[in-house]
Amino acid sequence: MTTLAALVILAPFAAAWIGMLGGRRVPLGPGGVAVIGTAASTVMALVVLAGVAGDASHVRESSIQLTPTGSIPITVGVRVDGLSASVALMVTVVALAVQVYSIGYLRGDARYSSYAAFVSLFTAAMLLVVFSGDLIVLYVGWEIMGVCSYFLIGHHWEDPGATAAAIKAFLMTRVGDVGFLFGIFVLGSAANSFRVSDVLAAVPRMSSGELLAGTLLLALGVVAKSAQFPLHSWLPDAMAAPTPISALIHAATMVAAGVYVVALLHPVFLAASFTLDLLAVLAAISTLGSALAAFAADDIKRVLAYSTISQLGLMFVGLAVDADRVPSVALLLSHAAYKALLFLCAGALIHAVGSNLMADMGGMRHAMPVTFVTMTIGFAALVGVPPTSGFVAKDAIVGAAWDAVRHRGAAPVGLGPSLVGLVCALLTVAVTAAYSTRAWLLTFFGPVRNDAVSHDAPPVMSIPLIVLAVPTLLLGLAAVGAHQLRPELLPATVSLALIALGVGVAYRLWRGVPVRDPAIVLGRSRNAVRTAFYTDDLYERTVAVMTRRLAAGVSVVDDNVLGRAVSRTGRGARQLGGILRLSENGNVQAYLTGVLLGAVVIAVCAAMLS
Amino acid sequence: MHVAYPVVLAAMLFSVGVYGVLARRNAILVLMSVELMLNGANLNLVTFDIWRSDVMHSGQVMALFVIVIAAAEVGVGLAIVLLVFRNRSTIAVDSLRELRERTDRDGTAPEDAMDPP
């Protein structure tokens with residue numbers, strides 16, 4: 001089982017290497033290699049999941065013994081349980097859909113071969129995070145994802161916006177990675193081992209200070225990677241990437257890694273209540289704020305990007321208010337399915353229309369029926385309409401927050417944060433319904449604004465859509481067996497009422513002659529909401545200005561202190577050498593006299609000292 | 001015979017050689033002084049070989065090596081002296097100063113001017 005899990009990681013990794021080294025000349029083409037690698041990985045992940053399905057909480061582990069270095073040992077190993085097996089299947093399925101879809105989406109792209117190889121490497125890195133049995137090795141995968149996201153977001157590097165977005169994503173996640181690494185060090189030294197199982201087993205022995213420091217530092221990395229407030233603004237900008245990359249980053253890799261790590265180390269976080277309080281409040285702010293921003297956005301990809309931040313916020317709220325990680329993991333899995341679906345549908349729309357703006361779409365349901373049906377399923381799951389997977393998972397989280405408020409003391413977080421979490425989650429349910437309805441209406445209904453579109457996406461792009469629509473619809477039914485996911489009557493009713501309210505309000509605002517953008521209800525505040533309440537401007541005026549000033553100061557110090565010190569040292573050495581030069585007068589006999597004197601001095605010294 | 005006699009003789013030979021190398025101006029005399037130094041060393045080698053009654057006679061073997069190498073050295077050295085004389089019409093050692101360090105008046109070498117400020 002663990003060998004197979006290691007192969008799940010290695011298959012896309014091998015595909016990435018072949019793709020990088022072979023370029024365009026590999027047999028079957030770069031797309032073929034990438035698809036085969038990812039497909040092999042998917043099949044093996046399915047077998048792994050089937051193998052652990054009987055006993056999901058049992059952990060199977062194996063590791064290679066490395067040469068001991070004297071400090072805390074680092075093991076290279078694989079750790080398989082129900083959580084990692086199911087997340088791995090999710091990653092591979094989404095990656096496979098993205099790889100197949102990219103063949104059509106990036107047809108004729110000059111850099112497709114390196115693109116496909118990077119997507120494979122990205123997948124392998126995420127699988128390493130998922131299956132790694134050691135926190136340091138997990139961190140390696142975490143960092144490889146960071147660098148892959150940099151290259152893939154900057155795929156269109158001719159566009160300065162894409163380069164800036166890539167650098168922004170890299171730097172913002174890097175801020176968190178520093179915290180993440182030191183969090184691993186704190187936990188590792190407290191448990192005297194970096195192995196996940198050892199760290200989890202050592203939680204009762206750890207002091208509260210170690211737990212607090214470790215989890216806060218880890219939370220910093222998680223907040224940056226999963227794009228939560230206040231480090232969220234890289235994710236909407238990352239829309240400069242090709243759309244399949246957005247699907248991959250938002251659904252399967254990168255942002256999902258943050259949630260996965262918190263779920264993996266959930267017992268550690270449960271033991272540090274302050275971190276959970278903080279995480280709950282930050283996630284609640286992110287989930288509501290970005291849902292509002294999604295309502296105001298004009299670009300369909302930005303709508304989906306903000307909705308990702310919002311959904312991830314819901315997952316963190318769920319992890320904070322509930323001692324059981326199942327609801328959040330269920331939302332993670334179903335979110336992966338429907339968000340990948342939505343992004344790939346949006347990609348099909350953008351591919352056909354040639355613009356990201358919803359103002360250029362409209363009435364597309366006639367021209368693109370497959371995209372229409374699949375995207376409708378995706379939006380329904382995003383909103384949480386009953387039979388879909390989104391309903392079950394989201395309802396479980398809302399129910400957990402409800403319980404946390406009702407039975408205070410039983411929940412891992414305090415009353416205040418759980419109340420904030422519940423209110424924000426409920427409001428988000430309503431706003432999510434509103435912005436999804438708005439995006440759906442603006443793209444598929446209303447007058448046809450683009451006559452040039454007369455055909456649906458080619459089969460290589462539409463088949464992944466259909467394949468992803470199936471789990472989006474049916475994953476919810478599969479989850480009915482789990483008792484943690486069974487809907488509770490009162491919270492389910494409230495959230496369904498809020499969904500109906502959101503959909504109704506958006507529809508009411510839209511209907512009319514001529515049709516209107518529901519976002520006009522925001523009036524003058526629309527610009528503030530669209531920019532996620534000026535967070536980027538705030539960073540531009542504070543962090544960026546301070547950083548630039550610091551950089552200017554550093555460059556002055558570099559020129560005037562360090563540079564001058566170096567050049568003065570060089571000049572001083574040369575002048576001192578000038579004194580020695582006086583003896584180099586060309587008279588060989590004078591040199592030899594010096595040699596003789598030296599030999600005599602050494603001989604006398606040796607005679608005296610011996 | 002007491003070991004001091006040959007050793008003192010060798011030391012005197014070596015000292016005369018050192019004086020010649022350091023003080024004579026004529027290159028051929030310098031070469032000859034080098035020979036004196038080498039032979040002082042040879043005398044020491046042979047002396048101590050006998051004094052220690054070494055069965056391998058390594059001191060004498062070493063002295064033979066030195067003699068051979070000295071012959072080669074003198075050959076090369078005389079050839080150089082010959083060529084120097086042909087080129088410069090002098091074999092005064094202290095006038096052959098082509099390789100001295102050329103300095104400006106302030107003690108800095110001229111290549112400083114080429115460095116960026």
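The conversation below takes several labels in turn and sets each value against its cut-off.

Modeller: Please keep in mind that this is a predicted model, and that chain A averages a pLDDT of 84, with 97% of its residues scoring at least 70.

Biologist: Where in chain A is confidence lowest, and where is it highest?

Modeller: The lowest mean, 75, belongs to helix H21 (residues 526-530) of chain A, whereas helix H23 (residues 588-609) of chain A has the highest, at 93.

Biologist: What makes A:Arg111 and A:Glu158 a salt bridge?

Modeller: The closest N and O atoms of A:Arg111 and A:Glu158 are 2.8 Å apart, and the rule asks for a nitrogen of Lys or Arg within 4 Å of a carboxyl oxygen of Asp or Glu, so the pair qualifies. This pair links distant parts of the chain, with A:Arg111 in the loop between helix H3 and helix H4 of chain A and A:Glu158 in the loop between helix H5 and helix H6 of chain A, 47 residues apart.

Biologist: Why is A:Glu158 called exposed, while A:Arg111 is called partly exposed?

Modeller: Exposed means over 50% relative accessible area, and A:Glu158 has 51%, so the word applies. A:Arg111 stands at 22%, between the limits of 20% and 50%, and therefore counts as partly exposed.

Biologist: How do you know that A:Asp177 is buried?

Modeller: Its relative accessibility is 1%, and buried means under 20%, so A:Asp177 is buried. Its salt-bridge partner A:Arg174, with the closest N and O atoms 4.0 Å apart, is partly exposed at 31%.

Biologist: What makes B:Arg25 and B:Asp94 a link between distant parts of chain B?

Modeller: Their closest N and O atoms are 3.1 Å apart in a salt bridge, yet the residues are 69 positions apart, B:Arg25 being in the loop between helix H1 and helix H2 of chain B and B:Asp94 in the segment after helix H3 of chain B. B:Arg25, at 48% relative accessible area, is partly exposed, and so is B:Asp94, at 24%.

Biologist: Which secondary structure does chain B have?

Modeller: Chain B has three helices and zero strands, which gives the pattern α-α-α along the sequence. Of its 117 residues, 24% are buried.

How values were computed
Residues numbered from 1 in each chain as written. Chains lettered and ligands numbered in written order. Predicted model: local features only at pLDDT ≥ 70, side-chain atom pairs only at ≥ 80, totals over all residues. Heavy atoms only, no water. Helix = DSSP H or I, 4+ residues; strand = E, 2+ residues; numbered from the N terminus. Buried < 20%, exposed > 50% of the residue type's maximum accessible area, 1.4 Å probe, protein only. pLDDT = per-residue confidence, 0-100. Salt bridge = Lys/Arg side-chain N within 4 Å of Asp/Glu carboxyl O.
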